[in-house]
Amino acid sequence: MIVKKLHEKGVRSEHAYLAAFASIGLTVAAWATSLKVEPGVNVDRADRWGLFVGEWAPTFFGLGLALSHYEQHDGTLAHIHES
């Protein structure tokens with residue numbers, strides 16, 4: 001039901017995969033920024049920020065798979081063929 005609604009709103013599997021990869025980069029950036037901005041604070045805090053954002057990637061990958069599955073059954077999955 002949620003996947004169908006997202007698909008109807010224009011969200012495609014490629015968007016979810018792109019968000020997953022972006023969240024991986026954001027994880028590293030959040031961790032590094034937290035280390036530099038709060039030098040007196042323990043490394044644990046930087047690790048928590050990195051892990052918080054890092055939890056998004058598997059969710060976006062799962063959503064991408066669900067959308068891809070829906071697109072295959074709906075017939076809207078973009079196919080790339082080599083000539």
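Biologist: Which residues is Trp56 in contact with, leaving aside its neighbours within four places in sequence?
Modeller: Trp56 touches Ser23 and Leu26, once neighbours within four places in sequence are left aside. This is a predicted model. Contact here means heavy atoms within 4.5 Å.

Biologist: How far apart are Trp56 and Leu26 in sequence and in space?
Modeller: In sequence, 30 residues separate Trp56 from Leu26, and their C-alpha atoms are 10.0 Å apart.

Biologist: Why does Trp56 count as partly exposed?
Modeller: The relative accessibility of Trp56 is 35%. Buried requires under 20% and exposed requires over 50%, with partly exposed in between. The value of 35% therefore makes Trp56 partly exposed. Trp56 belongs to helix α4, residues 56-74.

Biologist: What makes Ser23 buried?
Modeller: Ser23 has a relative accessible area of 2%. The limit for buried is under 20%, so Ser23 is buried. Ser23 is a residue of helix α2, which covers residues 13-37. Beyond its neighbours within four places in sequence, Ser23 is in contact with Val53, Trp56, Ala57 and Phe60.

Biologist: Which backbone oxygen does the side chain of Ser23 reach?
Modeller: The side chain of Ser23 reaches the backbone oxygen of Ala20, at 2.7 Å. The cut-off for a polar contact is 3.5 Å.

Biologist: Why is Leu65 called exposed?
Modeller: Leu65 has a relative accessible area of 56%. Exposed means over 50%, so Leu65 is exposed. Leu65 is also in helix α4. From Leu65 to Ser13 the C-alpha distance is 6.8 Å, although the two are 52 residues apart in sequence.

Biologist: How many aromatic pairs does the structure hold?
Modeller: There are 2 aromatic pairs in the structure. Tyr17 and Phe61 form a tilted pair, with 6.4 Å centre to centre and 40 degrees between the planes. This pair links distant parts of the chain, with Tyr17 in helix α2 and Phe61 in helix α4, 44 residues apart.

Biologist: What makes the pair of Phe21 and Phe61 edge-to-face?
Modeller: Their ring centres are 5.2 Å apart and their planes are at 90 degrees. Pairing needs centres within 6.5 Å, and edge-to-face needs planes over 60 degrees apart, so the pair is edge-to-face. This pair also links distant parts of the chain: Phe21 is in helix α2 and Phe61 is in helix α4, 40 residues apart.

Biologist: Which residues do the ring pairs link into a cluster?
Modeller: The cluster consists of Tyr17, Phe21 and Phe61. Tyr17 is partly exposed at 24% relative accessible area. Phe61 is partly exposed at 26%. Both values lie between the 20% and 50% limits. Phe21, at 55%, is over the 50% limit and therefore counts as exposed.

Biologist: How do you know that α3 and α4 are roughly parallel?
Modeller: Helix α3, residues 43-54, packs against α4 at an angle of about 5 degrees, with their axes 5 Å apart. Angles under 35 degrees count as roughly parallel, so α3 and α4 are roughly parallel to each other.

Biologist: Which residues in α3 and α4 meet?
Modeller: From α3, Phe52, Val53 and Gly54 meet Trp56, Ala57 and Pro58 of α4. By class, this contact has 5 nonpolar residues, 1 polar residue and no charged ones. Gly counts as polar, so Gly54 takes the polar place.

Conventions:
Residues numbered from 1 in each chain as written. Predicted model: local features only at pLDDT ≥ 70, side-chain atom pairs only at ≥ 80, totals over all residues. Heavy atoms only, no water. Helix = DSSP H or I, 4+ residues; strand = E, 2+ residues; numbered from the N terminus. Buried < 20%, exposed > 50% of the residue type's maximum accessible area, 1.4 Å probe, protein only. Polar contact = N/O pair within 3.5 Å; in protein donor to acceptor, adjacent residues only side chain to side chain. Phe/Tyr/Trp six-rings, centres within 6.5 Å; stacked < 30°, edge-to-face > 60°. Axes fitted to C-alpha atoms, helices over the stretch in contact; angles between N-to-C directions. Parallel < 35°, antiparallel > 145°, perpendicular 65-115°, else oblique.
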